[in-house]
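I opened this model to look up two things.

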Amino acid sequence: MSFDKLLFGTAGVPNSTVKKNNPVEGIQKIHDLGLDCMQLEFAHGVRMKDEISSSLRKASYELNVPLTSHGPYYINLNAREQDKIDSSVERIIQTAKISDLCGAESMTFHAAFYMKDSPYDVFDLVEKSMNVIEERLSRLDIEIELRPELTGKTSQFGSLDELITLTKSVGSVKPCMDFSHLYARTGKYNNYEEITEVLDRLADELGKDALNNMHIHVSGISSNSKGDLKHLNLEKSDFNWRDMLRALKDKDCKGYIISNSPNLEDDAKMLKDYYIAL
Ligand SMILES: [Zn+2]
């Protein structure tokens, strides 16, 4: 997808949607709220009836609310047992299939846990699986951006370095840039200069297009030495979202920016309003 701006949306159906279990109404709500996009959350499993995915695709198109998606939590491409790795691969493929049916062109997921293994070994395993997934999706004629998330816990695969290296090595992989997680994971990157450095690095290492087609997550966050503890509303956290938005604006970043705060649409609107006023 090519973008002419940043699109602001929510991780899942907005809280104020009357029927919260109905994603089609969620799209309508996003539109009514003056937001731009919505992420389908398959956190607890990837099942969707065909008629739901086709009505989602239709609503998304008609109301001009593009969709992204988030795969299930039960994914670990570094699981101890081969059958758990295999089912993780299947879950990612299943997420891609349903996302594609809904018209989503970018999907994110948490790729793996280190399980106390060497990060280098884990990287190799994740890379291997991503190549398998890419190959299988291409045989199914499904074109979707596979975006491992920049994760918040130091026990999880998904550091900035890992995502950059993986993006360079697997064609359909791009990073899902969760700036709140990046801060929780490292205790850094919480001011304009450091966030600008990250954006410059993405452009330098992945090409200018990396900033023209972003999938960003943001929320308030609390953390300890192991990283991400809890997602909070932005105003209850010291995450410097104003500096993040200034950096994104000054670097002319485009793509999706998804609020993962508990109050979903309130923070999404606050982000959008602040950004537009910059
Ligand atoms: Zn996530």
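**Ground rules.** I am working from a predicted model, where local features need pLDDT of at least 70, side-chain atom pairs count only at pLDDT 80 or more, and totals for chains, interfaces and linings use all residues. Residues are numbered from 1 along each chain as its sequence is written, and side-chain values use heavy atoms, with hydrogens and water left out.

**Helix pair.** I looked up α5 (residues 160-169) and α7 (residues 192-206). Helices here are DSSP runs (H or I, at least four residues), and strands are E runs of at least two, numbered from the N terminus. The two axes come within 10 Å and cross at roughly 20°. Axes are lines fitted to C-alpha atoms over the stretch in contact, with angles from 0 to 180 degrees between N-to-C directions. I therefore noted α5 as roughly parallel to α7 (angles under 35 degrees; over 145 is roughly antiparallel, 65 to 115 roughly perpendicular, the rest oblique).

I then listed the contact (heavy atoms within 4.5 Å). From α5 come L160, D161, I164, T167 and K168. From α7 come V198, R201, L202, E205 and L206. By class I have 5 nonpolar, 1 polar and 4 charged residues. Ala, Val, Leu, Ile, Met, Phe, Trp, Tyr, Cys and Pro count as nonpolar, Asp, Glu, Lys and Arg as charged, and the others, Gly among them, as polar.

**Salt bridges.** How many salt bridges does a search of the whole structure find? It finds 15. The test is a side-chain nitrogen of Lys or Arg within 4 Å of a carboxyl oxygen of Asp or Glu.

I checked K168 with E205: a salt bridge, 2.6 Å from N to O. K168 is in α5 and E205 in α7, so the pair ties together parts 37 residues apart in sequence. Salt bridges with shared partners join D161, K168, R201 and E205 into one network. E205 is partly exposed at 30% relative accessible area (buried is under 20%, exposed over 50%, partly exposed in between; 1.4 Å probe, protein chains only).

Next I took E90 and R136, which meet at 2.8 Å, N to O. E90 is in helix α3 and R136 in helix α4, 46 residues apart. Both are partly exposed: E90 at 39%, R136 at 27%.

Last, I found D117 bridged to R80, with the closest N and O atoms 2.5 Å apart. D117 sits in the loop between β4 (106-109) and α4 (119-139). R80 sits in the loop between β3 (67-70) and α3 (82-102).
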